[in-house]
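This report describes selected strands, salt bridges and surface charges of one protein model. The sequence and the structure are shown first.

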Amino acid sequence: MKKFLLFTIVCFSLLFCVACKNNDESKVEKPPVYAQTDVILDGLQDEYLYDSSIDLQFGVENNANVNFFFGDKGLNFLFTVKDDCLVANDNSTYKNDSIEVYIDTLLNGSRYLGYPQSDDIQFRIYINALVDYYVGVQTGTDYCWTKSYFEIDYYILIEEDKNSYSIEMSIPWQEMGLDSKPNALGINFGHVDASEYFYVWSGIKGKESVDNPSTYYVFSKDNKILAENVIFYEKFKTTSTVTCVDESYEKISVEYDEDGVYIQLTRDFVGKKLIETQTEWWDNFETMVFVDLASDGGCINENDLKFVIRPDSKYAVANGSGEDGGWAEWIGWDKNSVGGIVVEVDLNGNLFEELVETAIIYKIYIPFADYSLSKKAVSIFDYSNWNNENCPEKYITFEQDGTITEKNNFTEMQTYCYERGDFVSLAAKVEKNSLRLKIERELFDCDYDSDPEDWWEDNKLTTLIIDLNGNKIIDDYDIKVLIRPSGRMACVFYYDGKWQEDEWLNGSWERNEINGTCAFVSQENNNTVLFLYVSNSIIGEDYVFNNVGVFNTIEGFENGNELNTNNFDYFSVQ
């Protein structure tokens with residue numbers, strides 16, 4: 001390895017910044033033989049090749065600048081860093097003033113859950129000429145780089161009178177395992193600013209996930225930025241597209257590859273002011289996305305994901321494996337990559353702190369490796385109806401062949417029609433592991449977003465008694481379900497001879513999914529239609545439905561009539 005160094009260092013001692021005031025500048029010329037490089041490495045931007053190079057600011061307080069270009073012999077970088085206190089008294093680069101380069105040489109991003117692979121390399125150079133070399137490993141451990149060695153050329157120039165230093169380096173294509181100049185590479189950068197008592201690491205704003213190569217910028221051989229994320233480098237295809245309705249996404253596009261699924265959502269915020277913030281999530285053009293990866297409907301489970309994404313590509317995600325059938329805790333918040341999931345927001349030419357003029361595009365990549373999926377088909381929640389967000393039965397399904405359907409298994413049902421109360425019809429579909437109910441009511445002028453504090457005074461409330469084992473006796477583990485027009489619901493079991501109304505199931509009154517049961521509400525024929533999905537998991541995963549009875553009217557709950565199974569309609573497994 002060739003090391004070509006030029007030092008004008010006076011302050012590298014245990015005194016740190018106290019000695020950083022010497023304004024002498026002396027240059028020691030040591031011209032090397034530049035057989036492997038495209039430029040003369042001298043720490044100065046004096047070659048015409050840099051005139052058309054990529055120019056980026058990054059690092060602590062954006063004090064670092066890098067120019068780089070694809071040469072015939074290798075990849076060339078020139079870093080210039082403003083720093084009024086230079087520190088280099090430790091054998092670890094990360095504790096000293098230094099720069100870092102991350103390269104995804106095969107441009108294959110997060111094919112392995114977002115961790116670096118063997119084609120991903122990292123260089124750390126600090127101002128006392130120590131260099132650390134790393135290559136990615138596919139272990140999925142917390143630290144996913146292992147030490148390595150590469151033949152590179154570099155030159156370090158310290159200019160104390162300017163309170164700055166520069167590092168110029170060249171990496172031969174052969175050292176990256178490439179025969180010649182590639183069409184594009186994924187690249188990211190880091191910067192360490194050290195002081196007497198501590199050191200601070202920083203990267204490119206919004207691109208701090210340096211351990212996930214799928215988040216790197218993509219740069220082309222003609223020195224242009226092609227994409228902000230490796231995973232979205234190839235032009236997004238739209239073979240499966242649906243146009244949604246009021247206050248929803250303008251367009252949803254889904255595309256599959258062998259490892260995962262790409263989702264692209266377009267939203268129209270035209271005329272609103274785009275705010276950039278690192279602290280406030282809400283009322284900041286954030287968008288919610290609900291994804292059923294298994295496209296299995298039912299209630300939310302570990303294969304269902306909920307995202308909240310803001311314009312700077314930072315996001316949080318939760319899955320449906322929380323307690324009592326709810327969502328688990330959010331993870332993320334300050335990242336644009338969690339595990340192998342990658343999010344990118346294309347502002348489409350709009351600028352922060354200005355009015356939006358064009359639609360904003362949200363992109364998500366989800367690898368399948370973390371999930372147990374029987375087929376590659378995803379369902380996405382239609383954002384226009386919040387009341388259905390936690391019941392994947394109502395999502396839109398995108399098949400691999402481009403087929404798009406509204407996810408709704410409430411078909412081929414046994415139906416009873418009524419002329420009592422305001423019930424219009426009751427329909428049911430019983431399968432071995434699930435029960436689906438569809439109730440149509442004449443609830444006019446329904447406020448679907450309203451949840452009065454007092455449930456019992458809510459005259460739009462629908463109450464159902466379900467004889468789950470179909471034995472025509474209300475006994476242990478039959479259930480009572482209350483559903484509001486908003487879809488919010490409450491459930492309670494019957495046992496020990498009474499309804500255990502002091503033990504409503506967790507999540508009651510607050511959600512539309514509870515421990516294997518979920519509801520959603522819509523309108524059909526100017527009537528209110530309530531859909532209820534009940535999984536056998538509410539009793540036990542081994543439980544098998546056979547014959548199920550439903551108490552079908554809002555009349556007659558007094559005097560124990562709700563326990564009189566002569567008032568019930570019974571449905572058999574199909």
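In what follows, a residue is buried if its relative accessible area is under 20%, exposed if over 50%, and partly exposed in between (1.4 Å probe, protein chains only). Strands (E, at least two residues) and helices (H or I, at least four residues) are DSSP runs, numbered from the N terminus. The model is predicted, so local features need pLDDT of at least 70 and side-chain atom pairs count only at pLDDT 80 or more, while totals for chains, interfaces and linings use all residues. Residues are numbered from 1 along each chain as its sequence is written, and side-chain values use heavy atoms, with hydrogens and water left out.

How many of the 7 residues of β3 are buried? The count is 7 of 7, so β3 is largely enclosed by the rest of the structure. In a regular strand, side chains alternate between the two faces of the sheet. Both faces of β3 are covered: one side carries Ala 64, Val 66, Phe 68 and Phe 70, the other Asn 65, Asn 67 and Phe 69, and all of these are buried.

Two strands are taken to pair if DSSP finds at least two bridges between them. Strand β2 (residues 54-58) runs antiparallel to β3 and is joined to it by 5 bridges; within this pairing, Leu 56 stands opposite Val 66. The two strands form a hairpin with 5 residues between them, and Gly 59 in the turn has a positive phi of about 85 degrees. The pairing of β3 with β4 is likewise antiparallel and extends over 7 bridges. Here Val 66 stands opposite Phe 79 of β4, and a hairpin of 3 residues joins β3 to β4.

## Salt bridges

A salt bridge is defined as a side-chain nitrogen of Lys or Arg within 4 Å of a carboxyl oxygen of Asp or Glu. By this rule the model contains 4 salt bridges.

| Lys 181 | Asp 72 | 3.5 Å |

The salt bridge between Lys 181 and Asp 72 has its closest N and O atoms 3.5 Å apart. Lys 181 lies in the loop between β10 (164-172) and β11 (184-194), and Asp 72 in the loop between β3 (64-70) and β4 (74-82), so the pair ties together parts that are 109 residues apart in sequence. Lys 181 is partly exposed, at 30% relative accessible area, whereas Asp 72 is exposed, at 64%.

## Strand β24

Strand β17 (residues 260-267) runs antiparallel to β24 and is joined to it by 8 bridges, among them the one in which Tyr 365 is the partner of Tyr 262. Strand β23 is also antiparallel to β24, with 5 bridges, and Val 345 has Tyr 362 as its bridge partner in β24.

Asp 132 is found in strand β7 (residues 131-136) and is buried, with a relative accessible area of 13%. Asp 132 and Glu 100 are 32 residues apart in sequence, and their C-alpha atoms are 9.3 Å apart in space.

Asp 476 lies in the loop between β31 (462-467) and β32 (478-483). At 42% relative accessibility, Asp 476 counts as partly exposed.
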